[in-house]
Amino acid sequence: MGRFIYRRLIHGLIVIMGVTIIVFVVTRMVGDPVQVMLPLESTPAQRAAFEKKLGLDRPIHIQFAEFMTRIVRLDFGESLWQKRPAMDIVFEKLPMTMLLTAVGIGFACVVAVPLGIIAALRPGGVADRITVFGSLLGLSVPQFWLGLLFIVLFAVQFKILPTSGAATPSHIILPALTMGLPTLARLVMLVRSSMIDELNQQYVKTSFAKGLPFVRVVGLHALRNAGLPIMTLVGWEVIRSLAGYSVVVETVFAWPGIGLTAIQAIERDDLILIQAIVFTAAVCVVVINILMDFIYKLIDPRLKLT
Amino acid sequence: MNQTHTDALAKALAQNRYAWVDHLLELGRELKRDKAGLIGVILFTALVLMAMLAPYIAPHDPTDQDLTARLAPPVWYEKGTWKHILGTDHLGRDVLSRTIHGARVSLWVGTAVVLCAGGFGVVMGLMAGYLGGRTDAFIMRWIDTQVAFPGLLLALIILAVIGASLTTVVVVLALNGWMVFGRMTRSAVLSIRQSPYVEAAEVVGCRWPRILFRHILPNLTSPLLTLSILEFARIVLAEAALSFLGLGIQPPATSWGLDVAMGKNYMFMAWWLVTIPGCAIALTVLAINLVASWLRLISDPQEREKQYARHMAAAMRKKMHDRIEKEQSAP
């Protein structure tokens with residue numbers, strides 16, 4: 001166990017290092033940060049002063065060393081756009097994205113598991129076919145378009161739900177639905193197929209034969225054994241959302257999370273804020289990956305952690 | 001004498017017919033049994049034709065502006081005209097023509113990305129699975145590390161810094177998507193490696209590239225095909241999302257995602273600007289998904305058997321039904 005934690009931590013560090021190096025290379029070497037961040041009409045003197053301020057006039061390896069030491073202290077510098085430390089902005093926006101992800105994916109899980117089980121009880125039946133076609137449809141609809149449709153439907157036609165911002169609790173309903181639906185579609189398919197496999201196992205037949213109640217066999221025995229791939233997918237969905245896929249939903253609904261901030265930072269060429277956001281996203285991905293491994297162990301004690 | 005002669009000739013000719021023709025005919029027969037798959041294949045073929053023939057079938061040039069007919073509604077509205085069947089956007093450009101031309105970008109990006117990512121991923125997976133040892137450890141570490149990257153965010157930043165265009169979108173999406181191919185190929189190679197014919201090839205003295213590409217790769221065709229089609233659907237959605245965010249295809253080129261983004265500002269007075277390109281994306285991806293799920297079914301021998309049995313049972317039931325009806329109506 002100790003060895004496992006050690007190896008995962010080392011791998012996580014490699015991932016975070018890799019991401020920061022790529023961000024450093026892309027922002028400092030491929031593009032010219034001064035040209036990107038300063039307005040076109042700025043004088044050479046202004047440019048030089050700006051370079052000096054960011055330390056861009058020094059050799060590239062010294063810049064890199066300084067970049068890394070600042071990252072260790074979680075100090076990326078001041079955001080050019082908001083004129084305050086970039087990490088403060090990130091810590092302010094990250095909980096909003098986490099909230100949206102939790103509600104959206106939570107909703108998907110709550111709906112997907114019963115739907116998938118119902119479909120799996122009679123493969124090829126009416127309920128199964130409707131579920132499969134519905135989830136294929138859900139997989140095919142682009143998320144941003146779904147969001148726009150929801151806005152037209154619930155906010156313009158029926159005028160029952162707010163569309164943008166995060167002022168009241170009801171503001172979360174539409175973005176969470178939009179975030180949850182593609183997840184729901186993928187999850188239903190997976191719950192269905194792994195439950196079909198599990199319900200064909202001998203132990204399920206034995207449990208029925210010895211007279212255990214239906215709900216207990218399906219809901220407790222079979223579902224628990226089918227749980228591992230389902231947990232994997234849920235973990236993946238959380239990772240995807242925190243690793244940037246929330247950008248789309250947050251842009252459509254102007255949800256003040258880290259994705260919207262990332263897009264705004266990109267539009268305003270605020271490289272410092274971008275670096276902070278990507279670093280945070282990488283850390284989130286690594287932490288969730290490690291957490292997922294522990295949850296596997298909890299669900300299925302047979303697993304060996306390597 | 002003459003009779004046997006022609007028989008032999010027919011037999012020889014039948015043997016001479018290319019094997020893939022038979023395969024295709026067989027596939028067609030199976031396709032008829034699966035309605036969802038058939039709809040998917042027809043839709044997808046229509047889309048490909050539409051994309052290839054776009055300059056000939058589109059009624060207008062997709063960038064032609066008709067400023068006297070801005071935001072014209074589709075033809076079934078009172079103000080709609082046959083000149084712009086699906087209406088026009090805020091610059092008076094024909095929505096139908098833009099949608100037809102948009103198919104080109106989506107399918108082109110999808111094909112290019114799947115070819116690049118698939119090619120690279122498959123070669124990496126083959127090497128990792130067959131050579132083993134340090135190569136395997138290195139490639140798998142690389143894949144594990146890259147899978148844990150915040151892919152979309154990195155893609156957005158790279159596109160923002162080096163400038164978004166058709167080529168950069170393809171490169172960035174391919175860089176983001178090759179790992180799936182690598183992982184799947186490796187696991188398939190590991191299971192095929194021990195089979196007698198691979199060992200035989202080794203004993204005969206084939207070099208490893210020949211064993212990999214002539215003996216192992218052809219056996220991976222069907223899982224790789226299914227994966228490629230699923231990836232294709234994902235890429236079409238990803239391209240649309242990037243273009244919607246303004247970091248994908250840039251105007252004056254056309255793309256469905258771009259059109260939705262532009263129509264967003266006029267959403268409340270001209271619903272067709274958002275709805276039509278959005279429907280086009282959804283329909284494309286749905287068609288691809290239907291084809292993929294059909295392919296997955298027919299490449300699985302167990303599922304195939306089940307389907308065949310179902311088909312035969314249905315045919316027999318129909319026959320019985322017909323006979324009973326005939327007997328009842330006879331006297």
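## A loop residue with positive phi

A:Ala254 lies in the loop that links helix H11 (227-253) to helix H12 (258-267) of chain A, where helices (H or I, at least four residues) and strands (E, at least two) are DSSP runs numbered from the N terminus. The phi of A:Ala254 is near 50°, a positive value in a residue other than glycine. Most residues other than glycine have a negative phi. Because A:Ala254 has 14 C-beta neighbours inside 10 Å, A:Ala254 counts as partly exposed; a residue is buried if 20 or more other C-beta atoms lie within 10 Å of its own, exposed if 12 or fewer, and partly exposed in between, with C-beta atoms placed from the backbone.

This is a predicted model, in which local features need pLDDT of at least 70 and side-chain atom pairs count only at pLDDT 80 or more, while totals for chains, interfaces and linings use all residues. Residues are numbered from 1 along each chain as its sequence is written, and chains are lettered from A and ligands numbered from 1 in the order in which they are written.

## Helix H12 of chain A and its cover

The buried residues of H12(A) include A:Ile258, A:Leu260, A:Ile263 and A:Ile266. Their cover includes helix H5 (86-121), H11 and H13 of chain A, together with H7 of chain B. Just after H12(A), A:Asp269 takes a positive phi of about 55°.

## Chain A as a whole

Chain A has 13 helices and zero strands, and its C-alpha trace spans about 85 × 60 × 30 Å along its principal axes. Of the 306 residues of chain A, 35% count as buried. Among contacts in chain A between residues at least 6 apart in sequence, 70% join residues at least 24 apart, two residues being in contact if their C-beta atoms, placed from the backbone, lie within 7 Å.

## Helix H5 of chain B

Helix H5 (residues 95-131) of chain B has 37 residues and reaches 53 Å from its first C-alpha to its last, close to the 54 Å expected at 1.5 Å a residue; the expected span is 1.5 Å times one less than the number of residues. H5(B) is mostly covered, since 27 of its 37 residues are buried, and just after H5(B) the residue B:Gly132 takes a positive phi of about 65°.

## Where the chains meet

In the contact between the chains, 33 residues of chain B touch 40 residues of chain A. On the chain B side, helix H6 (133-147), helix H7 (151-162), helix H11 (221-244) and helix H13 (272-298) each supply at least two residues, and H7(B) gives the most, with ten residues. By class, this side has 27 nonpolar, four polar and two charged residues, where Ala, Val, Leu, Ile, Met, Phe, Trp, Tyr, Cys and Pro count as nonpolar, Asp, Glu, Lys and Arg as charged, and the others, Gly among them, as polar.

Helix H13 (residues 271-299) of chain A packs against H7(B) at an angle of about 160°, with the axes 10 Å apart. H13(A) and H7(B) are therefore roughly antiparallel to each other, a term for angles over 145 degrees. In this contact A:Ile274, A:Ile277, A:Val278 and A:Ala281 of H13(A) meet B:Leu153, B:Leu154 and B:Ile157 of H7(B), and the residues divide into seven nonpolar, no polar and no charged.

Conventions: Axes fitted to C-alpha atoms, helices over the stretch in contact; angles between N-to-C directions. Parallel < 35°, antiparallel > 145°, perpendicular 65-115°, else oblique.
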